[in-house]
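User: I am new to this structure and would like a close look at one part of it. Please take me through that part slowly.

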Amino acid sequence: MKAFTFKRYGEPTVLNPDTLEKPEPKANELLVKIHATSVTAGDWRVRSATPFPIRFHSGILKPKNTLLGHEFAGVVEMVGEEVVEFQVGDRVFGSMGMKSGTYAEYVAVDVESPLAKIPDGLSFEEAAVVPIGFLSAYHFLQKVNLKPGMKVLIHGVSGSVGSAMLQLAKAKDAYVIGVCSSKNASWVKKWGADQVISYDKENFTSLSEKFDLIINAVGKTSFREIKHLLNPEGKYLSNDAALSDYLDLLTQTLGGKKEQIIVGIAEQKKTDLRVIQSLLAERKIRPYLDRVYSFNEIPAAHTYVEKGRKAGNVAIHVA
Ligand SMILES: NC(=O)c1ccc[n+]([C@@H]2O[C@H](COP(=O)([O-])OP(=O)(O)OC[C@H]3O[C@@H](n4cnc5c(N)ncnc54)[C@H](OP(=O)(O)O)[C@@H]3O)[C@@H](O)[C@H]2O)c1
């Protein structure tokens, strides 16, 4: 099968076309013919080993797994003998979790991994970019008890995780202010934000109002910068998981203060993807698709995503 692999860390040019064996599904796996995958912020970070500690998981000197790509949408081509939930011909989407392997024509997927049937009305490219952004957003929002009318500020609302946080918070009837550049302001408003602050025109840190939740969705702010904007019971949530977030959390904990900081790595659960699937089917949420690249353009898609300015998500059309 055709694939794109990388044998060393580096620039997008380390990604090259390759030919690999088509995988054989085990008893509890599906063989999925991939129609679309994505390039996420996590993909370029693994490709370039940025930051360095990524190597402790991906391989110290060179990548242990040469096949990148974390999410997929496609059609079930074969099912293992123990699989009862899916059938040949089902349109499915899912995430590989901490593994990877979707820059290829086929992938063998464990039925217990985050995997679901694609709701009607969603293209393969749209479905392929749902899991990482929405599962991450859903994981973190479950840690705060969002109630109708709560005031939420999302910094970096135009990213994959930010735009998913926005829609999940609106599904809970929160009042959401999104911060992004003016080039993204109009679609962010259309996607549900009650108010948008363009960071190139206005400084959100001088707002006089207070928030129940402030989300640092792309790592361009910090707890220190925003803590004066939190209500006494307010929480700061960072999915960017920068070292400074962990240090601020440690300082709060050691200082015996009430913990306001939520940070960590999102767990990706099959049950959570089922919730996302229902919300998609009810048209309560939908992914924002910035660009679709062809399979041969995976290195170009990496160059674009690495700039950190993609709007929502970037998909790869595989077949
Ligand atoms: N903890 C976890 O488990 C987990 C899970 C998934 C992702 N992540 C991490 O979460 C982060 C976000 O990923 P992502 O894919 O959503 O987005 P991304 O590709 O990292 O960010 C793209 C967005 O960032 C916005 N942006 C850039 N500079 C900004 C600034 N100064 N202020 C506000 N917004 C700015 C851009 O909007 P403008 O062009 O409008 O500036 C663009 O829409 C990444 O670091 C990723 O690795 C962590």
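How many cavities of 30 Å³ or more does the structure hold?

Analyst: In this predicted model, the structure holds 1 cavity of 30 Å³ or more, and about 30 Å³ of space lies in the largest cavity. The lining of the largest cavity is made by Val 129, Gly 133, Phe 134, Ser 160, Ser 163, Ala 164, Gln 167, Arg 286, Pro 287, Tyr 288 and Asn 313, and the elements that give two or more residues to this lining are H4 and H5. The largest share, 4 residues, comes from H5, and the lining as a whole divides into 5 nonpolar, 5 polar and 1 charged residues.

The two helices also pack against each other: H4, residues 130-141, and H5, residues 160-171, have axes 8 Å apart and meet at an angle of about 55 degrees, and they are therefore oblique to each other. Their crossing is right-handed. Among the residues of H4 in this contact are Gly 133 and Phe 134, while those of H5 include Ser 160, Ala 164 and Gln 167; these five residues are also named in the lining of the largest cavity. The contact of H4 with H5 has 10 nonpolar, 4 polar and no charged residues.

H4 has a further partner in helix H9, residues 270-281, whose axis comes within 10 Å of that of H4 and crosses it at roughly 110 degrees, so that H4 and H9 are roughly perpendicular to each other. On the H4 side this contact is made by Val 130, Pro 131, Phe 134, Leu 135 and Tyr 138, and on the H9 side by Asp 272, Leu 273, Val 275, Ile 276 and Leu 280.

Notes: Residues numbered from 1 in each chain as written. Predicted model: local features only at pLDDT ≥ 70, side-chain atom pairs only at ≥ 80, totals over all residues. Heavy atoms only, no water. Axes fitted to C-alpha atoms, helices over the stretch in contact; angles between N-to-C directions. Parallel < 35°, antiparallel > 145°, perpendicular 65-115°, else oblique. Left-handed = near helix turned anticlockwise from the far one by under 90°. Contact = heavy atoms within 4.5 Å. Nonpolar A, V, L, I, M, F, W, Y, C, P; charged D, E, K, R; others polar. 1 Å grid on protein atoms, 1.4 Å probe; cavity = no way out; pocket = protein on both sides within 12 Å on 5 of 7 lines; lining within 4 Å. Points joined across faces, edges and corners; volume = space filled by probe spheres on them.
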